[in-house]
Amino acid sequence: MSIKHHIQIDGVKMRGYVDIGTDMEEDDDVQIASNALIFMVVCLHSNWKIPVAYFLINGLSGDERANLVEECLKRLHESNIEVPSVTFDGLSCHFTMASCLGAKLDLPDPQPWFKHPSDPQKRVFVILDICHMLKLMRNNWASLKV
């Protein structure tokens, strides 16, 4: 999710810099965050959803995203929360992330799941968010003047 480039002082700490879950001190090397990576749990059998983690980022590779997804799945498993699938949009780093996790989305022989990091007997399925995928198609067609 894109966020406004903004630094704010809350009286104690400056907020708005890249923070990937650590207590990094503000210095000249720390970048201002341009995006927020948010992990949200959505119930399949009821009507609720809740954010469980967020990271202020300025771009992450697919491998780094895969590490964060694995950590989130492990912590949810420790809390007895079963995660049957992960859903994401069509960014290329998300496809790299899925590949790093063990899923294969390439044709002709796709494997749209990976083993759960805490319980190898369970599968976590990869689902592409159709709304975002349709927006990507629309934008590509518009840029190609189709």
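**Side-chain contacts and surface**

Author: One salt bridge is counted, that is, 1 salt bridge, where the term means a side-chain nitrogen of Lys or Arg within 4 Å of a carboxyl oxygen of Asp or Glu. The model is predicted: local features need pLDDT of at least 70, side-chain atom pairs count only at pLDDT 80 or more, and totals for chains, interfaces and linings use all residues. Residues are numbered from 1 along each chain as its sequence is written, and side-chain values use heavy atoms, with hydrogens and water left out.

Reader: Which strand gives the largest share of the nonpolar patch?

Author: The patch covers about 550 Å² and is made by M1, I38, M40, V42 and Y54. Patch residues have over 30% relative accessible area and no salt bridge, with like charges joined within 9 Å and nonpolar side chains (Val, Leu, Ile, Met, Phe, Trp, Tyr) within 5 Å; areas come from the Shrake-Rupley method with a 1.4 Å probe, and for residues only the protein chains shown count as cover. M40 is partly exposed at 43%. The largest share, 3 residues, comes from strand β3 (residues 35–42).

Reader: How many residues apart in sequence are the parts that F39 and F55 tie together?

Author: The whole structure holds 2 aromatic pairs (ring centres of Phe, Tyr or Trp, its six-membered ring, within 6.5 Å; planes under 30 degrees apart are stacked, over 60 edge-to-face, the rest tilted). F39 and F55 pair edge-to-face, at 6.0 Å centre to centre and 85 degrees between the planes. F39 lies in strand β3 and F55 in strand β4 (residues 49–57), so the pair ties together parts separated in sequence by 16 residues.

Reader: What is the centre to centre distance of the pair formed by F88 and F95?

Author: F88 is buried at 7% relative accessible area, whereas F95 is partly exposed at 30%. Their pair is edge-to-face, with 85 degrees between the planes and a centre to centre distance of 6.3 Å.

How values were computed: Helix = DSSP H or I, 4+ residues; strand = E, 2+ residues; numbered from the N terminus. Buried < 20%, exposed > 50% of the residue type's maximum accessible area, 1.4 Å probe, protein only.
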